[in-house]
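Have the model open while you read.

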Amino acid sequence: MAVLAAAQLLDELMGRHRNTNPNEKIRKPNWEDPEYCKYYMVKFCPHDLFVNTRADLGACPKVHDDEVKDLFERAESSYKKAQYVEEFLRFCRHMINDVERKIQKGKQRLELMNSKPEGPPMTQAQTEKNQEQVQLLSEKITALVQEAEEAGTCGNVEQAQGLMKLCDRLKEEKDTLLKQQENSHWSMTAELAAAQEKQMEVCPVCGAFLIVGDAQQRIDDHLSGKQHVGYFKLRQAYEEMNEAREKEQQEKERKRREDRERERSIRGGGLGSDRRDRERMERDRERDRDKDKSDRGENKEKDKERHRSSREERSGRHEEREGRDKDREKDRGERDKDRGERDKDRGERDKDRERDRDKERDNKERDNKDRDRDRDRDNKDRDRERDRKHRRERRSSHDRGSRRRSRDRH
C-alpha cells in the first residue's frame, strides 16, 4: 500500500508518463482503460474519504486523473458509462448498509445498557464453567455430525436422522448457554454505565457514540471529523444520483407514454374519420327520409284533390305513386347495402394497417435488440484488444528496461 501511495504521489508531481523515454510515443488517455479509477471519474473515490480513521479503506489501487475525469464527463451516454455509475452507486449502497448495521447495533447496545438486567451477573468461576460446557457441546456436535455423515454414506438413513435430531438438541443447549453469558456481559456493562451516570446516543450519520448534552466544542469536532463528513458525503451523493436517475427514468417513461398516445391518436384519427363519414351518411339518409315524407304528404294532398275530381285519375295516380315508392325503397336498400360493404372494407383496411404497424414495431424492436447485442460484442472485443495492447506495451517496456540494464552491466 505504501508503494502505491508513493507511486500516486510521484504521478501527481511528475505526471503519469514519468517513466517513458524521450523518443517514445505517448499514448492519449482513454477513460475506458482499466487502470483508471471508476469511482473517481463518476463522482469521487471513497478511498479518499476515511484516511487515518477506523473506517480507512486504504490507498486506491487505481489511477486518479482529472484529465480522464473530464473526458468521462464530456463523453456521450453509453452502456459502459451507465455501468460505471451503477458500480459507484452499488459501492456507496454497500458502505451505507454497513454503517446502518453499525447504527442499529449501537442502538440495541444502548437499549440493553439502559434497560434493567434480567438477572445478577455471572462470577468468574461460573463464566469459566459455562465456557467449558460450550466447548464440550461443540466437540460433541462435531463428532455427531461426522457420525451422521458416515451413516448417511453407508445407507443408514434412520440412524443419520436420529443423530441429526440429537445434534439439534445439543445446539439448542449451546445457544442457551451463550445467551446466558451474553446477558451477563450486558448486565455488567449496564451496571458500569449506570455507575458513570452518562446518557449516550448514536450518531445517525456515522454510528459513533455521543454523550447527550456534551460540550459544543466536542460536538463541532465530531461533525467536522473525517468519518462523519465522509459518510455524510456518501449519503448525499447517493441520494442526489438516485434522484437524478429516477427523474431520468420518469422523463423516459413520459416520452414513451406521449409516443404511445400519439400513435393511438393517429389510429383513432382514422377511425374517427370513418365514424364521421358514417354520421354524415346517416344524416343524408334522414334528409332523404324527410324529403320522402314531405313528398308523400304533398302527393297525398294532391291525391285527395284529384280523388275529389275523379276516382279513376286518383286510382291511377295512386298505383303510380306506390310503384315510385317501391322503386325508392329498392334504391335505398341497395344504397344501404353498398354503404355496409364500404364500412366492412374500411374496417378490414384498418385491421390490415394495424397488423402492418405491429409488424413494423416488432421488426424495429428486433433490430434494436440485434444492434444492442452487436454493440455489446464490439465493446467486449474492443476491451479485449485494448487489454492485449496494454499487456504487449508493458511487456515491451519491461524487455527494453531489461535490455538497457544488461547493456549497462556490460
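Predicted model: local features only at pLDDT ≥ 70, side-chain atom pairs only at ≥ 80, totals over all residues.

By the cavity rule, two cavities of 30 Å³ or more turn up.

**A salt bridge across the chain: R386 and D33**
- R386 pairs up with D33 in a salt bridge, with 3.6 Å between the closest N and O atoms.
- R386 sits in helix α9 (residues 311-409) while D33 sits in the loop between α1 (2-14) and α2 (38-42), so this pair ties together parts that are 353 residues apart in sequence.
- R386 is buried because its relative accessible area is 16%, and the cut-off for buried is under 20%.
- D33 is buried too, at a relative accessible area of 3%.

- D383 and K80 meet through their side chains in a salt bridge, at 2.9 Å from N to O.
- This one also links distant parts of the chain: D383 belongs to helix α9 and K80 to helix α4 (residues 79-114), 303 residues apart.
- Is D383 buried or partly exposed? With 22% relative accessibility, D383 counts as partly exposed.
- K80 comes in at 16% relative accessibility, so K80 counts as buried.

**How these pairs join up**
- Which residues are linked in a network of salt bridges? E32, D33, K80, D383 and R386 are.

**A local pair: R384 and D381**
- R384 and D381 form a salt bridge, their closest N and O atoms being 2.8 Å apart.
- Both residues lie in helix α9, three residues apart, which is about one turn of the helix.
- R384 is partly exposed, with 43% relative accessibility.
- D381 is partly exposed as well, with a relative accessible area of 36%.

**The largest cavity**
- The largest cavity holds about 40 Å³ of space.
- Its lining is made up of R285, D288, R289, R332, R335, D336 and R339.
- Helices α8 (226-309) and α9 are the elements that give two or more residues to that lining.
- Which element gives the most to the lining of the largest cavity? That's α9, with four residues.

Conventions
Residues numbered from 1 in each chain as written. Heavy atoms only, no water. Salt bridge = Lys/Arg side-chain N within 4 Å of Asp/Glu carboxyl O. Buried < 20%, exposed > 50% of the residue type's maximum accessible area, 1.4 Å probe, protein only. 1 Å grid on protein atoms, 1.4 Å probe; cavity = no way out; pocket = protein on both sides within 12 Å on 5 of 7 lines; lining within 4 Å. Points joined across faces, edges and corners; volume = space filled by probe spheres on them.
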